[in-house]
Amino acid sequence: MTLGTLSRPTAGGVPEALDAAGGLVAELARTLPPGLAARMLDPADADAMRALRRRVIETLDDPDHYRVAGEVGDFVLDHLNTKGVTVGLFLGSELVAYGALGLPGPGDHNRGRDLPLPEAELPLVAHLSSAMVDPALRGRGLHHRMIDWRIAVADRIGRRHSLTTVSPRNHRSWGHLAVHGVYPKRLIDVGAKGGGSLLRLLVHRDALAQPVFDPATASLVPVEEIVGRGDLFARGEQVWCRLDQGGRWFALFGRARAAAV
Ligand SMILES: CC(C)(COP(=O)(O)OP(=O)(O)OC[C@H]1O[C@@H](n2cnc3c(N)ncnc32)[C@H](O)[C@@H]1OP(=O)(O)O)[C@@H](O)C(=O)NCCC(=O)NCCS
């Protein structure tokens, strides 16, 4: 990633992402454990992607970790080269993992508004919409690799803001994103389809910012209490990482250090 790529006058969309993705998929494939292959998914993979999503959703540790009700539009088709792109990982011919990157255009739903970002920066938003890994292939770094891959595509096409929403209880997911600089910065109500409230962490990375944690502002919040701590986000704190303290998971809250003058 270079600042040169990020300062393109206009951000790329699906064609530019597909262009950038080819080389980046080859790089990703080189790092995969033996037996796994990577390629871009296209609309012909919709059924396989739906089947993997069903399998993963049916076996979630906690149904709150992934709510289809919180999704916008036709998730699968939108991310198969219409409003986004998706990388798929295969064991033989079976799709065992995917990482979807949403590329909102003018008029599309854009999570940058929830941060909020200035209107002029909304075209620079990429959504790290969703990643899923077959339960049998977890713990091999596939999620981490697909986070890296999606951020690299976003950077390559000049979309400096990576955003998505995550269940506060899904600390594995937001904890992994935070390792890559995509930090929980707000709690927002994404509203369940059909009514009702659905609170989610809004996570964000700005490729042009390098925030540094100020340890003087540190506090630990048990992950199950994050939903009640909108006050911490409201006073400018964010979550930096998750920590395991004696078998209980905590979020490390705090502010970024003021920039040196
Ligand atoms: C969340 C989810 C995507 C994680 O997938 P995963 O492939 O098991 O994740 P990874 O293997 O990258 O990371 C898991 C652990 O393996 C470790 N790991 C093992 N080998 C690794 C490697 N080669 N490189 C990096 N990490 C490695 C990681 O450090 C990580 O440890 P940690 O969780 O203590 O930080 C998966 O559990 C899932 O599909 N969950 C249900 C759907 C969901 O919640 N999706 C996310 C919201 S969209």
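In this predicted model, Gly-158 comes after α5 and has a positive phi, near 80 degrees. The helix α5 (142-156) is one of the elements that supply at least two residues each to the shell around the ligand. The chain holds seven helices and ten strands and is divided into domain 1 (3-209) and domain 2 (213-261).

**Helix α5**

- The end C-alpha atoms of α5 are 21 Å apart, which agrees with the 21 Å that its 15 residues should span at 1.5 Å a residue.
- Eleven of the 15 residues in α5 are buried, so the helix is mostly covered.
- An α-helix has 3.6 residues a turn, so residues three or four places apart point the same way.

**Ligand shell**

- The ligand is surrounded by 21 residues.
- Arg-138, Gly-141, Leu-142, His-143 and Ser-173 are the closest of these residues.
- Besides α5, the strand β4 (125-133) and the helix α6 (171-179) each give at least two residues to the shell.
- By residue class, the shell has eight nonpolar, ten polar and three charged members.

**Domains and their contact**

- The C-alpha centres of domain 1 and domain 2 are separated by 24 Å.
- Contact between the domains involves eleven residues of domain 1 and twelve residues of domain 2.
- On the domain 1 side of this contact, α6 and β6 (183-189) are the elements that give two or more residues.
- The strand β6 gives the most to that side, with five residues.
- The domain 1 side is made up of six nonpolar, two polar and three charged residues.

**Whole chain**

- The radius of gyration of the chain is 18 Å, which agrees with the value near 18 Å for a compact globule of 261 residues.
- Along the principal axes, the C-alpha atoms fill a box of roughly 50 × 45 × 40 Å.
- Of the 261 residues in the chain, 35% are buried.
- Counting contacts between residues at least 6 apart in sequence, 71% join residues at least 24 apart.

Note on methods: Residues numbered from 1 in each chain as written. Predicted model: local features only at pLDDT ≥ 70, side-chain atom pairs only at ≥ 80, totals over all residues. Near = placed C-beta within 6 Å. Helix = DSSP H or I, 4+ residues; strand = E, 2+ residues; numbered from the N terminus. Nonpolar A, V, L, I, M, F, W, Y, C, P; charged D, E, K, R; others polar. Domains from an automatic or database assignment. Contact = placed C-beta atoms within 7 Å. Rg over C-alpha atoms; globule rule 2.2 N^0.38 Å. Buried ≥ 20, exposed ≤ 12 C-beta atoms within 10 Å, placed from the backbone. Expected span 1.5 Å × (residues − 1).
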